[in-house]
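Trainee: Could we walk through this one together? I'd like to go from the whole chain down to single residues.

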Amino acid sequence: MRLSRRTMFAGLGLAGVGLAGLAPALVYAEQFAGTYNPQAEEVADGIWMVRGADEPIAFANGGAIANTVIIATNDGTIVVDPGPSLSYGKAIRALAESVTGKPVIRVYITHLHPDHSFGAGAFDAGIVHALSATRHDLERDGEGFSDALFRVLADWMKGTTVVLPQGDVTAGKTVIGGRKLQLFALGGHSSGDLAILDEATGTLIGGDLVFHDRAPATPHANIDGWLSALDTLEGVPHKLVIPGHGPIDSGNVAIPQTRDWLSWLDSMLNEAVLSGMDMTEAGATEIPARFANIKVARYELQRSVSHFYPGLEAELLPMVGS
Amino acid sequence: MRLIKTILPSAASVLLAASPALAEGLPADPLGSPMWEYHAEKLFTGGPVVFDNRVKVILPVIAEDQHVVPVTVDARKLDGVKRIVVFADLNPIPVAIDYRPMDAAPFVATRIKLDQRTPVRAAVQLEDGSWHVAGDWIDAAGGGCSAPPLSRVRGDWADHLGEMRGAAWSDGNSTRLRFGFRHPMDTGLVENIPAYNIETVRVTDAEGREVASMDVYGSVAEDPAFTLVVDRDGPMEVAARDTSGLEFAGELSPASGKRLSSGQ
Ligand SMILES: [Zn+2]
């Protein structure tokens, strides 16, 4: 009956992490993964977007649910968020080098979540950069994420290990190969959320601070912090937004939509607690019609109930007895 | 996870030894659980067993945090309910609660721990002794029962032991009670931490008459929380007792819910 530290850690890690939305049905039969075939679409001069599936992490999509960004510079290629696994990271590296014709010289990880960060192993660890908060988050949760992803994605994860970013990003302007970038050290979706603006094209890479037509995931979220990060991003002049999940946004809708969802979620959860609803009842709350086109809305809503409800009850329900 | 491996084989051997007479009287399990007959033989004494979709077992689409999996059972379409047993076939501690709504609606919600993908069911016993069963599979990644509670890891569980929060919302006829206690709900399955859990919850009215009572097991989540609907108006006394004999109690008055709903 001895539990190894690893076993205990795995359980706890999952509690804190509430990992990434693991689709329940597909766990058992699948063992043999297919091959990733990521496609790059040029969305601005020298910037390509690789779309993730607007779904939960599942065997069928190999965990490739987050968007990846490729940026060409005079000195080499920048990759933002290399995806969920070693083999996806390798596929992204090959794709990036084929569209730009230059080797990858920098990888940015926007935040800890494994659908964004676990492809880092395909690159030299020295060129993988992130906010220091993200490195700390991955030190704490990386193994727990890994256990959970191996369980769901099986062979897709072959060879994937937790790679800690070596470079600490600091906020401010930087120039790589003639590309002027602004780096924003924000938080709210997680404890450290990196957003990047390419000045020449006005392309804002939002990471998971911005979702578009795909419901926001909240396992490490602080809603107030997230809303103020959105205010910051809205104040950054830009022409295009590449969200962490969902299609590109050239009409200034993704940031307001993310804010709208989070604000609605926050007030809905508060009202549910204050009216005595149970978690399953809160999870069954009607989703307003304006969110009808948002993918995986019910699924993320129920995950958010799990992330926030016990804490909200502890905060809002009065103490009774002695 | 290791736990399941050690416990299930012994359960399976019991399964093989189960009386064929009883197994023959049982309906086939629509969920195809390997443990259905084993649990059915132990739990369903005193009457026939049927699967009945008038029993609603409401689970989330995913066990996002397998330490805190919400389960709601609504059997208000059935008359004469005397017991509601909530259990998870493949949990090392299968039964979570055994609820007796004496002067209350056959409705209960709580949160449980899950150790792996498992059926979660409600078995509702009527006054005629018959059992009406429903449930569904829910996925869980492991560790819900065999990992220590977070307060044990933080080390602050004793500072808040037994603190009770809650409120009551009345519509004039019935009163919804939502309440919870700070308690580690140790399963006894984690090394060096013996079982220690709340084991009973009783609800009494202002005259001291028992309205509802519940046996509670170690598979209920840390800081256990419950929703009940009693067929009464007025303040209700809720009292819980744990396995070391400590009592935690408090009064829930309908004014409390009114205050919360109106945002005061
Ligand atoms: Zn994320």
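This is a predicted model: local features need pLDDT of at least 70, side-chain atom pairs count only at pLDDT 80 or more; totals for chains, interfaces and linings use all residues.

Mentor: Residues are numbered from 1 along each chain as its sequence is written, chains are lettered from A and ligands numbered from 1 in the order in which they are written, and side-chain values use heavy atoms, with hydrogens and water left out.

Trainee: What percentage of the residues of chain A count as buried?

Mentor: Buried means under 20% relative accessible area, with exposed being over 50% and partly exposed in between (1.4 Å probe, protein chains only). Chain A has 322 residues. The buried share of them is 61%.

Trainee: How many helices and strands does chain A have?

Mentor: Both are DSSP runs numbered from the N terminus: helices are H or I with at least four residues, strands are E with at least two. For chain A that gives 8 helices and 13 strands.

Trainee: Why is strand 5 of chain A largely enclosed by the rest of the structure?

Mentor: Strand 5 spans residues 104-108. It is largely enclosed because the buried ones among its 5 residues number 4.

Trainee: Which residue of strand 6 is the bridge partner of Val107(A)?

Mentor: Strands pair if DSSP finds at least two bridges between them. On one side, strand 4 (residues 77-80) runs parallel to strand 5 with 4 bridges, and Val79(A) is partnered with Val107(A) there. Strand 5 also runs parallel to strand 6 (residues 128-130), through 2 bridges. In strand 6, the partner of Val107(A) is Val128(A).

Trainee: Is Asp137(A) buried or exposed?

Mentor: Asp137(A) sits in helix 4 of chain A, residues 132-153. Leaving out residues up to four places away in sequence, its contacts (heavy atoms within 4.5 Å) are Leu112(A), Gly142(A), Ser191(A) and Gly192(A). With a relative accessibility of 6%, Asp137(A) counts as buried.

Trainee: Which side chain makes a polar contact of 2.3 Å with that of Thr72(B)?

Mentor: Thr72(B) lies in strand 3 of chain B, residues 69-74, and is buried at 0% relative accessible area. Residues that Thr72(B) touches include Asp278(A), Lys56(B) and Phe107(B). A polar contact is a pair of N or O atoms within 3.5 Å; within protein, one must be able to donate a hydrogen and the other to accept it, and residues adjacent in sequence count only if both atoms are side-chain atoms. The partner at 2.3 Å is Thr280(A).
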